[in-house]
Amino acid sequence: MFPVFKIMGRLLKRVFHLTTYGGMHSRGMTARRGTGYQQANVVILHKSLADDFEAFCQANSGPLPLLYRSQPGEWACPPLAKDSDIRTDCPQYCVFENGRLTAEVPSLSAFTQQMQDMVSFYLGCSFSVQQDLRAAGVPIRNVEQSRNVSMFRTSLPCRGVGVFRCPMVVSMLPVPEGKLEAAAQVSHLAPTAHGAPIHIGDTALIGIQDVSRPEYGEAVDPAPGDVPVFWACGVTGVEAVQSAKSPLAFTHSPGCMFLSDRESAPAAVTSDPEQRPMAYSISQQPLHYSLASKATVQRIQTLEQIIGEDPGERGIRALFVQDELLKSCLSLSHASSVLITTGFPTHFMHTPPEETDGPPGALAMAAALQALGKEVAMVVDHRALEMNAGIMEDAVEKGVMKTAVPLLSFQNPGQESALQFLCQDGDPKRPRFDHLVAIERSGRAADGNYYNMRGVNIKHLLDPIDDLFTTASTIAGITTTGIGDGGNELGMGKVKEAVRTHMPNGGLVACDVAADFAITAGVSNWGGYAVAYSLYLLNICPIH
């Protein structure tokens with residue numbers, strides 16, 4: 001093509017880019033339509049900050065996937081567009097002085113002299129995969145409503161480099177529940193356009209208090225049945241520029257992207273289909289979904305089958321619920337503070353009366369959670385505090401755990417006491433724990449007593465820890481898991497009908513207190529070990 005035609009083509013695209021959609025800051029808003037071309041966020045900084053900003057992008061590649069770094073004073077972006085000029089190719093720009101937004105302008109030509117010493121960064125944009133999302137049946141609500149996409153400042157901190165320290169910004173797309181997995185699978189294939197979602201569900205979980213008031217862009221109305229889905233967003237670069245407080249810097253105006261000459265190619269089939277994202281609901285109150293790769297899901301499902309072996313031939317397979325191990329561990333991986341309980345004094349004539357099943361599995365889970373940076377505590381019967389302290393001390397000496405975790409007791413029955421224990425100042429909006437886990441912990445039966453599998457009442461040996469679980473079920477933000485091997489353990493009330501029908505003495509001994517997730521294992525310790533290993537598998541899963 002002759003140079004004159006290249007320039008004419010670029011000018012024609014520029015005319016299309018400047019189409020007016022009405023309203024303030026809508027000049028050529030690329031977020032409002034599917035262009036069919038790859039788009040980019042733009043950050044322009046003084047050359048003295050360029051190396052640190054590139055390192056910041058590499059440390060935070062989700063929101064800031066770097067497509068191209070220019071030389072100082074270079075207007076073109078050869079990998080993305082021929083004959084481009086960064087001073088004029090975005091529909092609108094933000095001007096920052098000492099970290100403050102001082103102007104929004106349609107061109108940077110007036111700053112040509114200053115830009116001789118500045119470096120332009122082109123960063124991937126999620127708008128580039130809109131065509132692929134639509135092809136997968138995912139509606140693009142902001143395009144349907146002729147609005148800019150909603151972008152929010154979150155409570156998630158980016159990894160700081162030099163003067164660049166800021167929270168992550170995310171974009172939000174309301175997606176029908178039945179299309180969540182499709183949205184994740186399509187975007188996963190485009191890592192240079194932010195990849196798979198970073199959060200699916202309740203906005204408050206990532207620090208967004210009002211979805212109708214985005215910090216950037218416009219509010220987008222969900223349709224009935226839509227779930228909010230959040231992707232890392234290149235507008236994080238705007239926050240980074242503000243944090244650096246450099247004398248002069250520029251970015252694109254949010255939603256007014258650099259539009260390249262590259263067509264958005266259909267997402268290729270991943271080279272490893274085992275890494276395809278799969279979505280699972282892990283909470284309805286608050287709403288929360290989590291992602292993991294197909295390969296990781298299958299390994300955890302295999303592990304769930306293995307621990308379901310029935311060495312005592314008691315028929316525990318009748319209590320099995322598919323994917324309880326997976327969903328519990330997905331939830332635990334998102335938690336920041338976990339409370340574990342154990343203790344089944346089935347040997348009521350002995351001192352101590354506890355069986356050995358339970359404490360080892362509890363410590364395995366505590367060690368895994370501790371290694372992941374979670375806050376962990378254990379609550380046990382008051383009479384068993386000394387015994388459990390000794391077990392934990394031994395575990396630390398042998399290197400099973402890094403450090404001992406707090407050992408607590410709960411002796412006062414009732415919801416009010418439980419609220420005070422679980423929540424700061426008894427306020428259900430301020431829970432101390434995100435997740436409660438009971439492993440081989442004697443559970444309260446329908447008649448208020450506690451039974452071993454032989455039907456012997458052991459209530460006199462137990463503190464009312466069940467009240468913590470029943471109260472937790474009324475507090476949004478606390479999830480519960482029960483691990484058992486017979487159905488009389490705390491949390492196994494979720495499968496109490498199966499216990500009553502299939503287990504010996506089931507009508508009498510079945511625990512009546514349900515957990516959100518009930519993990520059935522041939523030996524409860526196996527369930528604790530499986531949780532610990534599944535948390536490791538999720539931690540190394542690139543999708544999760």
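User: Which residues line the largest cavity?

Analyst: The structure is a predicted model, in which local features need pLDDT of at least 70, side-chain atom pairs count only at pLDDT 80 or more, and totals for chains, interfaces and linings use all residues. Residues are numbered from 1 along each chain as its sequence is written, and side-chain values use heavy atoms, leaving out hydrogens and water. A cavity is a set of points, on a 1 Å grid over the protein atoms alone, where a 1.4 Å probe fits but cannot get out, and a lining residue has an atom within 4 Å of a point. For the largest cavity, the lining is made up of S126, F127, V129, Q130, L133, I140, N142, V149, S171, M172, L173 and W231.

User: Which element supplies the largest share of the lining of the largest cavity?

Analyst: Helices (H or I, at least four residues) and strands (E, at least two) are DSSP runs, numbered from the N terminus. Helix 4 and strand 7 each give at least two residues to the lining of the largest cavity. With three residues, the largest share comes from strand 7.

User: How much space lies in the largest cavity?

Analyst: Grid points are joined across faces, edges and corners, and a volume is the space filled by probe spheres set on the points. Counted by this rule, there are five cavities of 30 Å³ or more. The space within the largest cavity comes to about 140 Å³.

User: What is the volume of the largest pocket?

Analyst: Unlike a cavity, a pocket is an open set of grid points, with protein on both sides within 12 Å along at least five of seven lines. The largest pocket is lined by 47 residues, and L156, I198, H199, I206 and H334 are the ones that lie nearest its centre. The volume of the largest pocket is about 1,600 Å³.

User: Which element gives the most to the lining of the largest pocket?

Analyst: Several elements each supply at least two residues of this lining, namely strand 6 (150–157), strand 8, strand 13, strand 14 and helix 9 (324–334). The element that gives the most to the lining of the largest pocket, with four residues, is strand 14.

User: Why is helix 6 described as largely enclosed by the rest of the structure?

Analyst: Buried means under 20% relative accessible area, exposed over 50% and partly exposed in between (1.4 Å probe, protein chains only). In helix 6, the residues L180, A182, A183, A184, V186, S187 and H188 are buried, and what covers the buried residues includes helix 4 (130–135), strand 7 (167–176), strand 8 (199–201), strand 10 (226–232), strand 13 (277–284) and strand 14 (287–293). Helix 6 (residues 180–188) is largely enclosed because the number of its nine residues that are buried is seven.

User: What share of the 544 residues in the chain is buried?

Analyst: The chain holds 16 helices and 20 strands, and its C-alpha atoms fill a box of roughly 95 × 40 × 40 Å along the principal axes. Where contact means heavy atoms within 4.5 Å, residues 24 or more positions apart account for 76% of the contacts with a separation of 6 or more. Of the 544 residues in the chain, the buried share is 56%.

User: How many residues apart are R147 and D221?

Analyst: Side chains of opposite charge can pair when their charged atoms come close. A salt bridge is a side-chain nitrogen of Lys or Arg within 4 Å of a carboxyl oxygen of Asp or Glu, and R147 and D221 form one at 3.2 Å, N to O. The pair links distant parts of the chain, with R147 in the loop between helix 5 (141–144) and strand 6 and D221 in the loop between strand 9 (216–217) and strand 10, and the separation in residues is 74.

User: Is D381 buried or exposed?

Analyst: D381 forms a salt bridge with R383, the closest N and O atoms being 3.5 Å apart. R383 has a relative accessible area of 36% and is partly exposed. D381, at 1% relative accessibility, counts as buried.

User: Which residues make the nonpolar surface patch of about 300 Å²?

Analyst: Patches are made of residues with over 30% relative accessible area and no salt bridge, with like charges joined within 9 Å and nonpolar side chains (Val, Leu, Ile, Met, Phe, Trp, Tyr) within 5 Å. Y536 lies in helix 16 (residues 524–539) and is partly exposed, with a relative accessible area of 43%. The patch is made by Y533, Y536 and I540.

Note on methods: Areas by Shrake-Rupley, 256 points an atom, 1.4 Å probe, with all protein chains shown as cover.
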